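Here is a short report on one protein model. Look at the fold as you read.

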Amino acid sequence: PEIYNKFLDIMKDFKSHAIDTQKVIERVSKLFAGHQSLILGFNTFLPSGYKIEVRQPGVPSKKPAPEFDHAYSYVSKIKQRFANQQEVYQKFLQ
């Protein structure tokens with residue numbers, strides 16, 4: 001739950017314009033360090049023109065903790081469900 005809450009804090013800071021996209025990338029990369037699939041999966045949420053690339057693609061990543069999988073899956077489903085209703089998705093992030 002601690003990592004999930006930190007992730008939500010990053011998203012809230014971005015939503016309130018306290019940080020920019022590049023800072024989101026830096027913080028998420030650091031937060032998910034060692035979890036390559038989560039870092040690469042976060043690209044789904046980035047605006048066009050931004051992408052996180054893992055520098056060592058040959059290094060196997062550790063299996064993410066169950067709460068990472070659950071949190072990521074949940075947020076992804078919400079984003080997909082409300083893809084045509086961005087205002088609903090943005091409210092969710094608040």
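Which helix does threonine 21 lie in? Threonine 21 lies in helix H2.

## About the model

This is a predicted model: local features need pLDDT of at least 70, side-chain atom pairs count only at pLDDT 80 or more, and totals for chains, interfaces and linings use all residues. Residues are numbered from 1 along each chain as its sequence is written, and side-chain values use heavy atoms, with hydrogens and water left out.

## Overall fold

The protein has five helices and zero strands. Along the sequence, the pattern reads α-α-α-α-α. Helices (H or I, at least four residues) and strands (E, at least two) are DSSP runs, numbered from the N terminus.

Of the 94 residues in the protein, 32% are buried. Buried means under 20% relative accessible area, with a 1.4 Å probe and protein chains only.

## Helix H2 and threonine 21

Helix H2 covers residues 21-31. Its buried residues are Thr21, Val24, Ile25, Val28 and Leu31. Seen down the axis of H2, they fall within an arc of 135 degrees, so they line one face of the helix. The arc is that of the directions from the helix axis to the C-beta atoms. Helix H1 (2-15) is among what covers these buried residues.

Why does threonine 21 count as buried? Its relative accessibility is 11%. Beyond its neighbours within four places in sequence, threonine 21 is in contact (heavy atoms within 4.5 Å) with Phe14, Leu46, Pro47 and Tyr50. Threonine 21 and tyrosine 50 are 29 residues apart in sequence, and their C-alpha atoms are 8.1 Å apart in space.

## The nonpolar core

The largest nonpolar core has 21 residues. Such a core is a set of buried Ala, Val, Leu, Ile, Met, Phe, Trp, Tyr and Cys residues joined through side-chain atoms within 4.5 Å. Those with the most contacts inside this core include Val24 and Val28. H1, H2, helix H3 (36-41), helix H4 (66-81) and H5 each give two or more residues to this core. In soluble globular proteins, nonpolar side chains tend to be buried together.

## The largest pocket

The largest pocket holds about 230 Å³ of space. A pocket is an open set of points on a 1 Å grid over the protein atoms alone, where a 1.4 Å probe fits, with protein on both sides within 12 Å along at least five of seven lines; lining residues have an atom within 4 Å of a point. Of the 14 lining residues, the closest to the centre are Met11, Phe14, Phe45, Gln90 and Leu93. The largest share of the lining, four residues, comes from H5.

Definitions and conventions
Buried < 20%, exposed > 50% of the residue type's maximum accessible area, 1.4 Å probe, protein only. Points joined across faces, edges and corners; volume = space filled by probe spheres on them.
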